[in-house]
Amino acid sequence: MRGASAIESALEQFHDPSVRAFIVWEPVLPTDWATPSTSTLSRVRDARALQFWDRKRALSNVLGGPAHFARSAPVNRIEFHMRDVIWDFVALYPPGSDRPSFTGAPVVQVIDDVRNELTRVAGLISLPPR
Amino acid sequence: MKPKFWVLAIVIAALAAGAYYALVPGHTPAGQPPLANFERAAFDQQFRAAAGETRLLVMLSPT
């Protein structure tokens, strides 16, 4: 949950409309038996976000799982062992690229790297954190 | 009424509340599309449609 708030804080600093955030919620923990609540979804309130519920964790499988995909970017900071599903994870895709330039996890620990990569890739002007 | 009735009623109410909580999706914030069930084809289409933009892909547990 802190990861979602961290992403929201990063988005707040980058006002450029040409940033899009795909937020994919998936059941990983034993407590993840329900669809995300309104409270959960409100953690990412930026209008540039699209939110999905991936009950079967299909995206993780499509991407090839933690061993294959999570470390595929030129710069990756995967700081914990994900076992069999990609989660608490962020990837940044530059415009026009189908490969991420950065991957990292857990989100809250790599959020400064995400900000730096957004600045580098998008060439956006960063506002000071609130 | 018999206590048995009330126990049964409470159990049914709890199950109904649990089912509602589990199955009815929450609402996304204003300005966002509604929460979508992940379907690969639709997701790929949306992701590719935004290829001209900087995209963040974030995968999270809801709890």
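For the first entry I note that the radius of gyration is taken over C-alpha atoms, and that the globule rule is 2.2 Å times the number of residues to the power 0.38. With 130 residues, a compact globule would have a radius of gyration near 14 Å, and I find 14 Å for chain A, which agrees.

Before going on, I remind myself that this is a predicted model, in which local features need pLDDT of at least 70, side-chain atom pairs count only at pLDDT 80 or more, and totals for chains, interfaces and linings use all residues. Residues are numbered from 1 along each chain as its sequence is written, while chains are lettered from A and ligands numbered from 1 in the order in which they are written.

**Chain A by itself**

I looked up the box next: the C-alpha atoms of chain A fill roughly 40 × 35 × 25 Å along the principal axes. Of its 130 residues, 42% count as buried (20 or more other C-beta atoms within 10 Å of the residue's own, C-beta atoms being placed from the backbone). I counted five helices and five strands in chain A; these are DSSP runs, H or I of at least four residues for helices and E of at least two for strands, numbered from the N terminus. From the N terminus on, their order is α-β-α-β-α-α-β-β-β-α.

I then turned to contacts (C-beta atoms, placed from the backbone, within 7 Å). I find 53 residues of chain A in contact with 33 residues of chain B. On the chain A side, β1(A) gives the largest share, seven residues. That side divides into 36 nonpolar, eleven polar and six charged residues; Ala, Val, Leu, Ile, Met, Phe, Trp, Tyr, Cys and Pro count as nonpolar, Asp, Glu, Lys and Arg as charged, and the others, Gly among them, as polar.

**A sheet from both chains**

Which strands form the open sheet, and in what order? I read seven, β3(A)-β5(A)-β4(A)-β2(B)-β1(A)-β2(A)-β1(B), with mixed pairing; strands pair if DSSP finds at least two bridges between them. β3(A) and β1(B) stand at the edges with a single partner strand each, so one side of each is left without a neighbour in the sheet.

At the β1(B) end, two bridges join this strand (residues 36-37) to β2(A), and the two run parallel. Phe52(A) stands opposite Ala36(B), and Trp53(A) has Asn37(B) as its bridge partner.

Technical notes
Contact = placed C-beta atoms within 7 Å. Buried ≥ 20, exposed ≤ 12 C-beta atoms within 10 Å, placed from the backbone.
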